[in-house]
Amino acid sequence: MLSPVKPSHNRRCARHDYRSPCIYMITMTKAPGVPDFSEVLPNPLWTPADPVSNQAYTRQSSLGRKILLELSAIQRRNPSLRVYRRAIMPDHIHFLLHVMRPLDEPIGIFLRDFKGRCAAHNDNRPVFTPGFNDRILWHKGQLVNLSYGLQLF
């Protein structure tokens, strides 16, 4: 009998080349002791009669705003990468990363660089826990669904 697999932010899809063109939803979790990246606030304009508008929104902290700047810098540093939709939650971030052309190195190398640049805004202490979670967008419709979810925040 196989034992259950423990969740891991370091496990990768064995059949996928992480240098190839693809779209990923990346999630990174805040390291212990790091200030919150944002706060979730109720939307004062929301009404039950308007189910389309968001019931809540996030307001980024100083560190959260710096993380957003570093996310934007990813594509300036490597023209083969694009960052689309992003959500800065209090204790984690989500973003869509598009690898537009084959890379010389797997995306983990570029994400490690991003984490290092974020640490520079935190007295060179890690901002995120080790590793990251990725979700590979394999099928049509996944991008629309994930984009909608990320636009909520």
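Modeller: The account below begins with the core and then turns to particular residues around it. This is a predicted model, in which local features need pLDDT of at least 70 and side-chain atom pairs count only at pLDDT 80 or more, while totals for chains, interfaces and linings use all residues. Residues are numbered from 1 along each chain as its sequence is written, and side-chain values use heavy atoms, with hydrogens and water left out.

A nonpolar core is here a set of buried Ala, Val, Leu, Ile, Met, Phe, Trp, Tyr and Cys residues joined through side-chain atoms within 4.5 Å; buried means under 20% relative accessible area, exposed over 50%, and partly exposed in between (1.4 Å probe, protein chains only). The largest such core has 29 residues, and Ile67 and Ile107 touch the most other members. Two or more residues each come from β1 (22-29), α1 (62-77), β4 (81-88), β5 (92-99) and α2 (107-119), with α2 giving the largest share, 5 residues. These elements are DSSP runs numbered from the N terminus: helices are H or I of at least four residues, strands E of at least two.

Ile67 is one of the buried residues of α1, together with Leu63, Gly64, Glu70, Leu71, Ala73 and Ile74. The buried residues of this helix pack against β3 (56-60), β4, β5 and α2, where contact means heavy atoms within 4.5 Å.

Leaving aside residues up to four places away in sequence, Ile107 touches Tyr18, Tyr24, Ile26, Leu97, Val99 and Phe132. The C-alpha atoms of Tyr18 and Ile136 are separated by 9.7 Å, although the two residues are 118 apart along the chain.

Lys30, in the loop between β1 and β2 (38-42), is also buried, with a relative accessible area of 17%. A polar atom of the Lys30 side chain lies 2.7 Å from the backbone oxygen of Val34. Residues touching Lys30 include Phe37, Pro90, His92 and Phe128.

Methods:
A polar contact is a pair of N or O atoms within 3.5 Å; within protein, one must be able to donate a hydrogen and the other to accept it, and residues adjacent in sequence count only if both atoms are side-chain atoms.
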